[in-house]
Amino acid sequence: MANFKRIAIMGGTFDPIHFGHLVAAEAARDSFKLDRVFFVPSGNPPHKKNYPVTDAKHRYLMTNLAVAANPYFEVSPIEIERPGYSYAIDTVTEFHNKYNDVDKLYFITGADAILEILTWKNVEKLTELCCFIAATRPGTNLEELRRFIEELPEKIGKKIHIMEVPALAISSTDIRNRVANHRTIKYLLPETVEQYIMKNGLYQS
């Protein structure tokens with residue numbers, strides 16, 4: 001096993017993965033001097049239980065295609081191989097046990113998800129195991145976000161780092177809608193992922 005000292009987990013449905021995800025991961029790698037960023041496609045995300053999610057196999061393969069050119073990026077099938085709902089606490093615990101000699105373990109997520117952090121399963125235990133990188137998106141209200149973090153219990157709030165990333169107004173929902181409506185998705189995501197979507201007829205309505 002490689003001797004990593006600072007690693008990060010980037011979870012998401014990645015349905016599909018796009019340049020917004022990749023830019024955020026690379027910004028985190030650079031800003032926090034990470035040895036490796038692990039992309040973890042969610043298996044059965046509890047917050048998406050009322051939404052159809054593309055088969056995990058497709059999302060896993062698309063994520064691999066997207067990160068292949070970056071030697072600091074890796075894809076983990078840990079959640080798609082785990083039965084039941086995928087919770088951050090379970091994934092972070094597994095990474096913490098596997099890479100128990102790392103100095104820092106980070107969890108990269110969107111700033112909007114941080115606003116719901118108190119609803120996450122076992123959040124206090126989670127913040128004992130890792131720090132959070134809250135990546136901003138276009139339209140993120142930084143003042144509101146900072147105020148929210150300041151009002152959190154100290155042992156949670158001190159583990160959250162805000163990271164401003166280049167404004168890329170790209171969303172997986174928009175990409176799915178564009179495909180369904182026969183509109184271009186070029187330059188919104190890696191060409192290999194675009195080709196995979198077309199070859200496998202994903203997101204056609």
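Which side chain meets that of R36 in a salt bridge? In this predicted model, the partner of R36 is E74, with a separation of 2.6 Å from N to O. R36 belongs to strand β2 (residues 36–41) and E74 to strand β3 (residues 73–75), so the pair ties together parts that lie 38 residues apart in sequence. The two residues fall into separate accessibility classes. R36 has a relative accessible area of 17% and is buried, because the cut-off for burial is under 20%. E74, at 30% relative accessibility, is partly exposed.

A search of the whole structure finds seven salt bridges. E26 is partly exposed, its relative accessible area being 29%, whereas R29 is buried at 17% relative accessibility.

A further salt bridge joins the side chains of E124 and K155, with an N to O distance of 3.2 Å. E124 is part of helix α5 (residues 123–129) and K155 is part of helix α7 (residues 154–157), so this pair links parts of the chain that are 31 residues apart in sequence. E124 is partly exposed, with a relative accessible area of 41%. K155 is likewise partly exposed, with a value of 47%.

Helix packing was examined next. Two packed helices are described by the angle between their axes and the distance between the axes. For helix α2 (residues 56–67) and helix α9 (residues 191–200), the axes come within 8 Å and cross at roughly 150°. Angles over 145 degrees count as roughly antiparallel, and α2 and α9 are therefore roughly antiparallel to each other. The crossing of the two helices, α2 and α9, is right-handed. On the α2 side, the contact is made by H58, L61, M62, L65 and A66. On the α9 side, T192, V193, Y196, I197 and N200 take part. Sorted by class, the contact of α2 with α9 comprises seven nonpolar and three polar residues, with no charged residues.

Conventions
Residues are numbered from 1 along each chain as its sequence is written. This is a predicted model: local features need pLDDT of at least 70, side-chain atom pairs count only at pLDDT 80 or more; totals for chains, interfaces and linings use all residues. Side-chain values use heavy atoms; hydrogens and water are left out. Axes are lines fitted to C-alpha atoms, for helices over the stretch in contact, and angles run from 0 to 180 degrees between N-to-C directions. Helices (H or I, at least four residues) and strands (E, at least two) are DSSP runs, numbered from the N terminus. Angles under 35 degrees count as roughly parallel, over 145 as roughly antiparallel, 65 to 115 as roughly perpendicular and the rest as oblique. A crossing is left-handed if the near helix is turned anticlockwise from the far one by less than a right angle, and right-handed if clockwise. Contact means heavy atoms within 4.5 Å. Ala, Val, Leu, Ile, Met, Phe, Trp, Tyr, Cys and Pro count as nonpolar, Asp, Glu, Lys and Arg as charged, and the others, Gly among them, as polar. A salt bridge is a side-chain nitrogen of Lys or Arg within 4 Å of a carboxyl oxygen of Asp or Glu. Buried means under 20% relative accessible area, exposed over 50%, partly exposed in between (1.4 Å probe, protein chains only).
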